[in-house]
There are 2 protein chains.
Amino acid sequence: MDVRVSLKDVAAHAGVSIKTVSNVVNNYQHVTPAMRERVQRSIDILGYRPNLAARHLRKGRTGVIALALPELGNPYFAELAAAVIDAAVEHDYIVLLDHTGGRREQEILVSQGFRARVIDGLILSPIELEAEDLRDRENVPLVLLGERDYDLPYDHIAIDNVAAARDAVRHLISLGRRNVAFIGARNGRSEPAQLRVRGWREELRAAGLPADEGLVAATDGWGHADGAAAMARILDSGRQPDAVFAYDDPMAIGAMRVLHERGLRVPEDVAVVGFDDVIEGRFGAVTLTSISPDKEAIGRLAVESVLARLNGDTRPPLRVSADYRLVERESTLGREEAARRATAG
Amino acid sequence: MDVRVSLKDVAAHAGVSIKTVSNVVNNYQHVTPAMRERVQRSIDILGYRPNLAARHLRKGRTGVIALALPELGNPYFAELAAAVIDAAVEHDYIVLLDHTGGRREQEILVSQGFRARVIDGLILSPIELEAEDLRDRENVPLVLLGERDYDLPYDHIAIDNVAAARDAVRHLISLGRRNVAFIGARNGRSEPAQLRVRGWREELRAAGLPADEGLVAATDGWGHADGAAAMARILDSGRQPDAVFAYDDPMAIGAMRVLHERGLRVPEDVAVVGFDDVIEGRFGAVTLTSISPDKEAIGRLAVESVLARLNGDTRPPLRVSADYRLVERESTLGREEAARRATAG
DNA sequence: AAACGAATGTATAACGTTGTAAAAATCAGG
DNA sequence: CCTGATTTTTACAACGTTATACATTCGTTT
């Protein structure tokens with residue numbers, strides 16, 4: 001049944017030329033309804049399906065875009081991947097997924113198309129990649145995702161990290177917190193982390209509070225365990241933060257676990273804000289306040305940008321700031337409210 | 001620099017035939033070292049890179065395998081996807097990722113290759129798909145992943161769900177629990193859920209305990225919210241389970257959240273066991289006991305099976321039972337131990 | 001009714017690669 | 001230095017598709 005059937009077979013079966021069958025398949029406009037139906041019948045009977053490799057060879061298009069993310073285990077990226085896949089399907093494109101581990105070396109390979117070479121375009125969420133690494137690539141269209149702030153001629157979709165971080169810290173200050181720790185200033189290169197630290201610093205200064213750099217904990221990764229370790233380090237140093245702003249939700253949750261182990265209550269003793277609004281933050285013993293980026297919009301914009309470039313769009317590089325909002329949950333309840341909740345429970 | 005350079009260009013530059021260049025590129029054995037070096041020099045100078053579409057058209061291979069999972073948002077699948085991608089890279093294959101939402105219709109489309117047509121093989125983790133849906137596909141090699149127990153000629157990699165579920169329930173019984181609820185018997189078709197319910201039922205019977213079907217909660221999905229809703233429903237029905245076995249970790253965590261809201265303590269009042277051992281379970285206020293499948297092994301076996309079939313392996317369909325183990329954490333501490341911990345904290 | 005333009009169908013040549021078979025170059029032995 | 005065997009290189013034909021350019025048909029207009 002599925003022994004490869006080609007245009008030639010259909011053409012023979014329908015008694016027409018190969019090109020006519022091709023015309024029907026591609027909805028070419030000048031085909032009489034009668035002819036179209038006749039060919040279509042043969043197509044259906046033989047179960048013809050176009051060979052994408054041949055089409056690609058001829059047209060130079062594959063119908064595949066690659067999405068390269070640092071880590072799939074991180075739910076934010078998993079959810080983002082889902083959004084990109086859905087957006088791509090809308091446009092009859094399929095998505096090839098790759099993960100870089102956030103390592104510069106892997107990111108370079110991906111950006112130059114060495115890992116996936118059958119693609120029409122690339123959506124890349126870089127962590128360590130440097131601007132110079134993208135300097136002389138002359139390849140498929142590239143759209144950058146996330147926080148890095150390159151000054152390069154590629155479309156870039158992100159939320160305003162500094163502003164979002166300031167919103168988070170402002171919220172903590174508005175609760176009366178004064179010693180706000182930041183967890184997740186990444187060891188080594190990582191501009192995204194730096195932007196969020198900057199927002200933390202700026203907002204504290206703006207509020208006339210000291211930005212105690214001893215309350216900034218650097219980590220190697222950005223998972224639960226990294227957050228937990230960083231939190232432990234801060235507490236072990238003898239400092240007593242009354243609030244924590246974490247680089248992302250998993251780190252915030254890891255930090256809350258350590259606070260719990262040390263007998264510190266969230267939010268009464270320490271208020272916590274995360275970043276990314278992953279689903280998991282909504283179901284812990286203490287639900288997590290978080291910055292919530294509009295993932296669907298980011299995914300959709302990324303796909304649309306790649307496809308636009310692919311279709312010859314030569315407008316100057318786009319710099320889209322996607323929406324975000326601060327979602328307040330239990331981890332930043334006011335002290336009175338938290339007390340009320342505690343007695344009630 | 002990257003204006004497409006083909007074998008023809010290299011051949012012209014080196015002053016040899018196209019096929020000779022091809023021979024060099026493919027490490028064909030009968031090429032003199034001198035010739036090899038001469039051609040290689042031209043390749044380097046011109047920056048030649050093989051055109052995969054053409055190679056595919058000629059050889060009938062793409063170097064791409066598809067991985068179709070129900071949901072990326074579920075961390076288990078995200079972690080599994082990472083494992084598959086890594087295993088594929090080992091073999092110079094790349095992975096095209098798709099998600100089906102666990103819906104039969106989507107699963108059928110995927111299984112027949114309608115969504116991704118540039119693939120050499122397919123790894124599919126079905127939920128609702130029926131055996132009959134796979135009956136007359138004569139397509140690329142297919143490997144089934146996960147819990148469904150089809151009787152079809154395809155390789156199948158899974159853990160023994162009934163046994164794992166029995167282990168989980170036995171563990172709860174060994175703690176002295178008598179009213180063990182099961183959360184996540186899925187509404188509608190879903191064999192995996194049924195297998196785990198069966199394990200629950202069998203183990204209770206084996207222990208001489210009644211299997212109260214009123215303690216089984218069906219759900220539509222398998223996320224945090226579904227687990228929470230199911231738990232709430234059981235409690236609202238007036239029953240008082242002293243243990244919960246959930247279909248997966250997110251559901252277990254959702255359930256724990258509801259228990260927490262109702263003032264029930266885990267594990268003192270209700271012990272909880274999940275399934276999949278996702279990272280998130282290790283960082284809640286109460287860490288989660290869970291069945292931990294060997295994800296790396298599953299991913300590796302799946303890739304190896306697909307590639308073996310692709311290379312003409314015609315042995316009878318493989319039925320691999322991957323390893324799993326029960327990882328005990330706080331959510332099933334013994335009552336005495338839990339009490340000790342409580343006074344200590 | 002002839003002639004014209006528009007609409008529709010067809011033959012052929014690519015796209016870049018590799019398998020096959022045949023040609024050319026090399027080598028060993030007399 | 002020739003013969004025959006062996007190694008190395010080459011020419012050519014696919015793989016399945018679409019673009020180009022041409023051929024046919026049809027419906028109008030003169």
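## Domains and DNA contacts in a predicted model

Residues are numbered from 1 along each chain as its sequence is written, chains are lettered from A and ligands numbered from 1 in the order in which they are written, and side-chain values use heavy atoms, leaving out hydrogens and water.

Visitor: What area is buried between domain 2 of chain A and domain 3 of chain A?

Guide: Buried area is the accessible area (1.4 Å probe) that two parts lose on being put together, summed over both. Carbon and sulfur atoms give 52% of it here, and the total is about 1500 Å².

Visitor: Which residues of domain 2 of chain A lose the most area to domain 3 of chain A?

Guide: Together they make up 35% of what the domain 2 side buries. They are Ile127(A), Glu147(A) and Ile159(A).

Visitor: Which side chains meet in a salt bridge at 3.9 Å, N to O?

Guide: The rule asks for a side-chain nitrogen of Lys or Arg within 4 Å of a carboxyl oxygen of Asp or Glu. Across the interface of domain 2 and domain 3 of chain A, 1 salt bridge is found. The side chains meeting at 3.9 Å are those of Arg186(A) and Glu128(A).

Visitor: Which residue of chain B has a side-chain N or O atom 3.1 Å from a phosphate oxygen of DNA strand D?

Guide: Polar contacts are pairs of N or O atoms within 3.5 Å; within protein, one must be able to donate a hydrogen and the other to accept it, and residues adjacent in sequence count only if both atoms are side-chain atoms. On chain A, a polar backbone atom of Asn51(A) is 3.0 Å from a phosphate oxygen, and a polar side-chain atom of Asn26(A) lies 3.2 Å from one. At 3.1 Å, the chain B residue is Ser17(B).

Visitor: Which element gives the most to the surface near DNA strand D?

Guide: Helices (H or I, at least four residues) and strands (E, at least two) are DSSP runs, numbered from the N terminus. Elements giving two or more residues include α2 (18–25) of chain A and α4 (52–59) of chain B. With 5 residues, the one that gives the most is α4(A).

Key
Predicted model: local features only at pLDDT ≥ 70, side-chain atom pairs only at ≥ 80, totals over all residues.
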